[in-house]
Amino acid sequence: MLAVSIAFAIATANSHRIPLHREILAEGKAPLIPLPMVNIFSGGAHAGRSVDLQDFLAVPVGAASFSEAINWAWRVRAGTAEAMRKRGLASTLVADEGGLSAALTSNREAIALVVEGIHLSGLRPGDEVGIAVDVAANQLLDDEGRYALASEHRSLTAAEWISELTEWLAAFPIVSLEDPLGEDDWSSWRDLTKRMNGVQLLGDDLFVTSRARLDHGIQAEVANAVLIKPNQIGTLSDAHLVLDQAKESGYQTVISARSGDTEDAWLSEFAMGWRTGQIKVGSTTRSERTAKWNRLLKWESMLGDSVEYAGGSALTGTSS
């Protein structure tokens, strides 16, 4: 279904002899270059569970342009690789989405490693580069509903896990937290949402690009951002309806690729045309990842001052 939907959108743009992002723009709107969330270090299912949490990403909140943001993300990845070498860790393992990986003593150490990578890149944690964490908490839940951190030999209740997450938010420059709790643990999501204090709380498994689940989340007042994955729902039109629903309810939107993707870069065009504000497609390595970044770099270069860059304001919604 999705392949046909994408093919139709591309064919329509070609028949009108306009770029794909222009074909899907709402009337009176201009394209928006999104803020990138770039994978730096991976664990969980993306990297043989070297640590329990799935992804640790750089968010170049202080960059003035997309090209500067990607350059900064590349520097952070290189800095993190250097931090790993200083600790005697191999920095050659590449995870599913291009991030670095290594067996660490704790999940907290992975966050600290990326912070050190930001320092070694010559950038300032928080002011110039924030951190996004994709917990993928469904993979942590055991049969008793506890959150099992296998790499740390610990098992926590939802309340204990929320307390630990809030400690991380206080200790590190985390600007976005994705799927920190199980997809059906609505009461815990509500408790954490109340304690987020300006941090983006992003639902992927929670919402699965479903209007029904997003509506439930809005009514329950959980999370404040939605990951948009067209292949979760089947067609581009269905994905766009979820995106519109999120924006109308004041939720931020992040368009995302998935593991096992191809070098096709249509997702970058939809990020621009749908004005999602943020995009998450992996690291600055592996061609199926860099193809998306390169498409956005191309359009920023070609359009110059006529195109807007979302920047760090995408996290607060002031660019949408």
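This is a predicted model: local features need pLDDT of at least 70, side-chain atom pairs count only at pLDDT 80 or more; totals for chains, interfaces and linings use all residues.

User: Which residue in strand 3 is the bridge partner of Ser42?
Analyst: Asp55 is the bridge partner of Ser42 there.

User: And strand 11, parallel or antiparallel to strand 2?
Analyst: Parallel. Strand 2 and strand 11 (residues 277-282) share four bridges. Leu35 stands opposite Gln278 of strand 11.

User: How many residues of strand 2 are buried?
Analyst: Eight of its eight, so the strand, residues 35-42, counts as mostly covered. As a general point, side chains in a regular strand alternate between the two faces of the sheet.

User: Switching to aromatics. How many aromatic pairs are there?
Analyst: The count is seven aromatic pairs. One of them is Trp161 with Trp168: the ring centres are 5.6 Å apart and the planes sit at 85 degrees, so this pair is edge-to-face.

User: Are those two buried or exposed?
Analyst: Trp161 is at 0% relative accessibility, so it counts as buried. Trp168 is at 1%, so it is buried too.

User: Which aromatic cluster are they in?
Analyst: Trp161 and Trp168 form one aromatic cluster with Tyr147.

User: What about Trp266 and Phe270, stacked or edge-to-face?
Analyst: Edge-to-face. Their planes are at 85 degrees, which is over the 60 degree cut-off. The ring centres lie 5.7 Å apart.

User: Which ring does Lys298 lie over?
Analyst: Lys298 lies over the face of Trp299, at 5.0 Å from the ring centre.

User: New topic, Gln232. Which helix is it in?
Analyst: Gln232 is in helix 8, residues 230-233.

User: What does Gln232 touch, leaving out residues up to four places away in sequence?
Analyst: Gln232 touches Asp204, Val208, Thr209 and Arg258.

User: Which of those has a polar contact with the Gln232 side chain?
Analyst: Asp204 does. Its side chain and that of Gln232 are joined by a polar contact of 3.0 Å.

Note on methods. Residues are numbered from 1 along each chain as its sequence is written. Side-chain values use heavy atoms; hydrogens and water are left out. Rings of Phe, Tyr and Trp (its six-membered ring) pair if their centres lie within 6.5 Å; planes under 30 degrees apart count as stacked, over 60 as edge-to-face and the rest as tilted. Buried means under 20% relative accessible area, exposed over 50%, partly exposed in between (1.4 Å probe, protein chains only). A charge sits over a ring if NZ of Lys or CZ of Arg is within 6 Å of the ring centre and within 35 degrees of the ring normal. Helices (H or I, at least four residues) and strands (E, at least two) are DSSP runs, numbered from the N terminus. Contact means heavy atoms within 4.5 Å. A polar contact is a pair of N or O atoms within 3.5 Å; within protein, one must be able to donate a hydrogen and the other to accept it, and residues adjacent in sequence count only if both atoms are side-chain atoms. Two strands pair if DSSP finds at least two bridges between them.
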